[in-house]
Amino acid sequence: SHVVRVRIIGSRGLITIKGLIKTISRMEFEYPVPVKDAEELLKRFCKYPPIEKNRWSLEYEGSEWVVDEFLGANRGLLVAEIELESEAQKFAKPDWIGKEISDDVRYYNANLSRHPFTDWE
């Protein structure tokens with residue numbers, strides 16, 4: 001389904017609109033919003049506890065990876081992601097990467113909010 005995400009990163013507010021997932025790719029649009037607006041959107045429209053995480057970007061053999069360390073009810077979960085130009089693009093996979101989770105809907109942020117990682121058996 002479509003997803004609208006609101007984030008506050010330091011002193012910046014962002015709203016992201018994600019399209020339907022087709023295989024492992026989907027359209028995504030992101031725009032800056034005033035922090036006050038982001039806070040109000042989160043307060044008024046967030047149905048579940050917000051996802052809390054630290055995010056790092058790093059380069060590995062010419063590709064940029066984003067690593068999320070989840071906090072709160074999802075503490076202990078680390079997820080790494082790479083943005084590719086196409087699904088067929090070749091890339092070097094670091095040794096520290098674990099199992100592929102792109103097709104596992106449990107790891108989508110919307111689902112982690114409803115069913116946190118620490119509640120999984």
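I'll start with the core. The largest nonpolar core has six residues: Phe70, Leu77, Val79, Ile101, Tyr107 and Leu112. A nonpolar core here is a set of buried Ala, Val, Leu, Ile, Met, Phe, Trp, Tyr and Cys residues joined through side-chain atoms within 4.5 Å. Buried means under 20% relative accessible area, exposed over 50%, partly exposed in between (1.4 Å probe, protein chains only).

A word on the source. This is a predicted model: local features need pLDDT of at least 70, side-chain atom pairs count only at pLDDT 80 or more, and totals for chains, interfaces and linings use all residues. Residues are numbered from 1 along each chain as its sequence is written, and side-chain values use heavy atoms, without hydrogens and water.

Now the rings. The structure holds four aromatic pairs. Rings of Phe, Tyr and Trp (its six-membered ring) pair if their centres lie within 6.5 Å; planes under 30 degrees apart are stacked, over 60 edge-to-face, the rest tilted. Trp65 and Trp96 have ring centres 6.1 Å apart and planes at 65 degrees, so this pair is edge-to-face. Trp65 is buried, at 4% relative accessibility. Trp96 is partly exposed, at 45%. Ring pairs link Trp65, Phe91 and Trp96 into a cluster.

What sits over the ring of Trp120? The charged end of Arg106, 4.4 Å from the ring centre. The cut-offs: NZ of Lys or CZ of Arg within 6 Å of the centre and within 35 degrees of the ring normal. Trp120 itself is partly exposed, with a relative accessible area of 23%.
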